[in-house]
Structures are given as C-alpha cells and as structure tokens.
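I wanted to look up ring pairs, charge pairs and pockets in this model. These are my notes, in the order of the searches.

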Amino acid sequence: VEQQIRCIGCGALIQSEDETKPGYAPKSVLEKEKEEVICQRCFRLKHYNEVQDVALTDDDFSKILHRIGQSEALVVKIVDIFDFNGSWLPGLHRFVANNPILLVGNKVDLLPKSVKYPKLIHWMKQSASDLGLKPIDICLVSAVKGIGMAKVMEAIEKYRFGKDVYVVGCTNVGKSTFINRIIQEATGKGNVITTSYFPGTTLDMIEIPLDDGAAIYDTPGIINHHQMAHFVDKKDLKIITPKREIHPKVYQLNEQQTLFFGGLARLDYIKGGRRSFVCYFSNELLIHRTKLEKADALYANQLGELLSPPRKHYIDQFPPLEAHTFTIKERKTDIVFSGLGWVTCNEPGAQVVAYAPKGVDILIRKSLI
Ligand code: GDP
C-alpha cells in the first residue's frame, strides 16, 4: 500500500521521483527504512553539515517572502553575475519592504580578469536601481573559489545590526555553494546547523546559528522559467554553463551576416556598416558565422549537427527560435540571451535581430564590461 511518509527531519512528504523537489529519498533508502525516513537534503545536512538546494513552488516562495517582510532582518540577495537579469527575482524588494538588502553578485571568477570590481559594483548599483532596488551595499564573490567571502561575511555582520539574516536567490545562482562556504567558515565548536519550521510551506529553512542568538536562514531557491537551462538536457547544460573565466570572442561583421550560438540562439546583423561584436559565452559553446541569406537553410539542415547544442536526439522537442528586433541606440550595449551569454556592441547605430527559443528572454542593457 502506498503510504504517505514524511521526512523525520523537515517534514516534507517523501518521494523518489524528483531529486530537485522537497522530500527526495532514493528508492534504495525507502526499501531499507520503513519507519524513520530522512530525505536526502536532511541527510546531507545532518551528516556533512552541507546543504543541498531543492526548488520551491512560487506559492511557497511568496509565503516565505511575506514572513521575511514581517520580521526585522537583513536580506542577502544572491544573483549570478553571468546571468544578472535572469537570476534577479523581480518582486523581492516589494515584499521585504523595510528590511535592508545586501546584494551579492556570485561567480565573478567567470568574468575576464581585466574587469575591475569597482566598475562592476557601480554597474550592479545602476542596474539594481533601474529595477527598483536600492541595496544597502553590494558585494562580489566567487562561492566556488572562495573569493570575497570574508568581505561578504563582514558586510553581513555590519548590516544585520544583531538581527537575523535571510539568504535568497533563484536556483542555480550558487546559493548552496555560498551557504556551504558560510557554514565552513562560521561553524565553530558547538555550533549545530538545524532546520527550522516554516509555517505553511512544504519545506523548512536551514538555520545557521550566530553567536548572539540570531541566525542565518537559507531559503529554498526559486525556479526561473525563462532561463535557457530549462530547454537543454543535462549534458548540454554542462556545455553552456561556463566553468572558467570567459574568453570573449570578437567578430568583425559585415551587414547581412549571422552568428549562431550553437543552435540555441542567433544574431542577424542587418544594417550599420562593418563593425565588431564581442561575444561572451561559455568557452565550450561553438559560434558559427554565415551569410544571412543562408542562415535559415543552415538552421533547418544543421540543427543538432553543426549547430549544437541542442544535440540531435531532442531537437524535435526543442522550441522554435523567436525573433526580437533591436536598434542599438547607445554606445556599449549588451544584447543578452538570458542564461546563455551576451554580445556587446560598442558603437551605436546597429540594426540587429536576435533569436532565442520561445520563452527565453532577450534584452538590451548598458554594457557590463
Ligand atoms: P543553487 O541552485 O543556487 O543552490 O546553486 P548551486 O550552489 O547548486 O550552484 C549551481 C551551479 O553554479 C553549480 O554548477 C556550481 O558549481 C556553480 N557555481 C556556484 N558558485 C559558483 C561560483 O562562484 N563560480 C562559478 N563559476 N560557478 C559557481
């Protein structure tokens, strides 16, 4: 008989179908354990002091945000600097109204070494302001490499004024990696990581105790459905997700030329004289240049072959590319393919058509680099 078993750690309903959802436990565990089942997330927390991210529904997430809004706390908002807009979490500042927000840009290790941090912080401040958020401060980190962690922890200590801290961010920004770093650095002897019950949601929060009785809470990651990550399989996700410092590729294009970014995105240069386009994508993603007049046929014949990812076996499920037309009006403008990368146009006046799978955002912004 199928019975509803709950995790003895967090209380989530145990399931073996989806590793990314609350209450996941492998089938092998369920066969062994009949009574006291603990989900994989709680297991790792208990035995390795390590958090594993699971995705939360939008509804649960808004409940959590509401609670944060009603408490006095510092909110640490993590964004992926490589996918700034895609990882933004638009509604946050309205919910947490009066609480200070510390904005943390993660994955700085991906940007070219020539990028200066003060300039980047200035850019983030401006972009946050355009999106309606005035953070109390901005930090840059690489959670994986451990860059900037001491500084961000100092900032947290400074701005929390003895209050609790909530860490929020959408999935894949590196929130678990960040939290695990904090756990490593913050847990002295006697400090025990626990989960704390959060009313009305399917999942509890990780609670990292601080010396003065307050705590850092890790909120579950929220899924952003507009990211390219949802349109490719796991193997291709590895190709499009940059792992190392990005080497920009510069293309001198004539009018009526096209660039393909694998088969995932496309940029047609329509008009504006010969000029350069600087491409910031994962070093593993192949860029293919062709004449605009040949582009449609090439895509039809070579998707999954020359133009890959997506790999051949799932091109039938891959959504058609959708066109977005832009005229570049300012100098130093980025054309951003959400979650995939961007192309910088240094001089104004170019007419372009940018393509991404239906559902993936394309936007124009002031150049990040
Ligand atoms: P979460 O879903 O927000 O909890 O993100 P994870 O911590 O699971 O990380 C998502 C992906 O981003 C993983 O592939 C990590 O290795 C990667 N990642 C996390 N932090 C960094 C970082 O500082 N730099 C780089 N390059 N990758 C990172």
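The entries below go from the aromatic rings to the salt bridges and then to the pocket.

**Basis.** I am working on a predicted model, in which local features need pLDDT of at least 70, side-chain atom pairs count only at pLDDT 80 or more, and totals for chains, interfaces and linings use all residues. Residues are numbered from 1 along each chain as its sequence is written, and side-chain values use heavy atoms, with hydrogens and water left out.

**Aromatic rings.** I searched the whole structure and got 10 aromatic pairs. Rings of Phe, Tyr and Trp (its six-membered ring) pair if their centres lie within 6.5 Å; planes under 30 degrees apart are stacked, over 60 edge-to-face, and the rest tilted. I looked at Phe84 and Trp88: the ring centres are 5.2 Å apart and the planes stand at 40°, so I noted this pair as tilted. Phe84 is buried at a relative accessible area of 0%, and Trp88 is also buried, at 3%. Here buried means under 20% relative accessible area, exposed over 50%, and partly exposed in between (1.4 Å probe, protein chains only).

I then took Tyr280 and Trp342, whose ring centres are 5.2 Å apart with planes at 20°, so this pair is stacked. Tyr280 is in strand S13 (residues 275-281) and Trp342 in strand S17 (residues 341-345), so the pair ties together parts 62 residues apart in sequence. Helices (H or I, at least four residues) and strands (E, at least two) are DSSP runs, numbered from the N terminus.

**Charges over rings.** I counted a charge as over a ring if NZ of Lys or CZ of Arg is within 6 Å of the ring centre and within 35 degrees of the ring normal. Lys77 lies over the face of Trp88, 3.6 Å from the ring centre. The charged end of Arg365 sits over the ring of Trp342, at 4.7 Å from its centre.

**Salt bridges.** The whole-structure search gave 16 salt bridges, each a side-chain nitrogen of Lys or Arg within 4 Å of a carboxyl oxygen of Asp or Glu. I noted Arg311 with Asp233, where the closest N and O atoms are 2.3 Å apart. This pair links distant parts of the chain, 78 residues apart: Arg311 is in the loop between helix H9 (292-302) and strand S15 (321-327), and Asp233 in the loop between strand S9 (221-222) and helix H8 (234-240). Arg311 is partly exposed, at 23% relative accessible area. I also noted Glu284 with Arg244, at 3.1 Å between the closest N and O atoms. Glu284 is partly exposed, at 37%. Bridges with shared partners join Glu157, Arg160 and Asp212 into one network.

**Largest pocket.** I used a 1 Å grid over the protein atoms alone; a pocket is an open set of points where a 1.4 Å probe fits, with protein on both sides within 12 Å along at least five of seven lines, and lining residues have an atom within 4 Å of a point. The volume of the largest pocket is about 1400 Å³, taken as the space filled by probe spheres set on the points, which are joined across faces, edges and corners. Its lining has 41 residues, and Lys107, Thr171, Asn172, Val173 and Leu237 lie nearest the centre. H8 gives the largest share of this lining, five residues.
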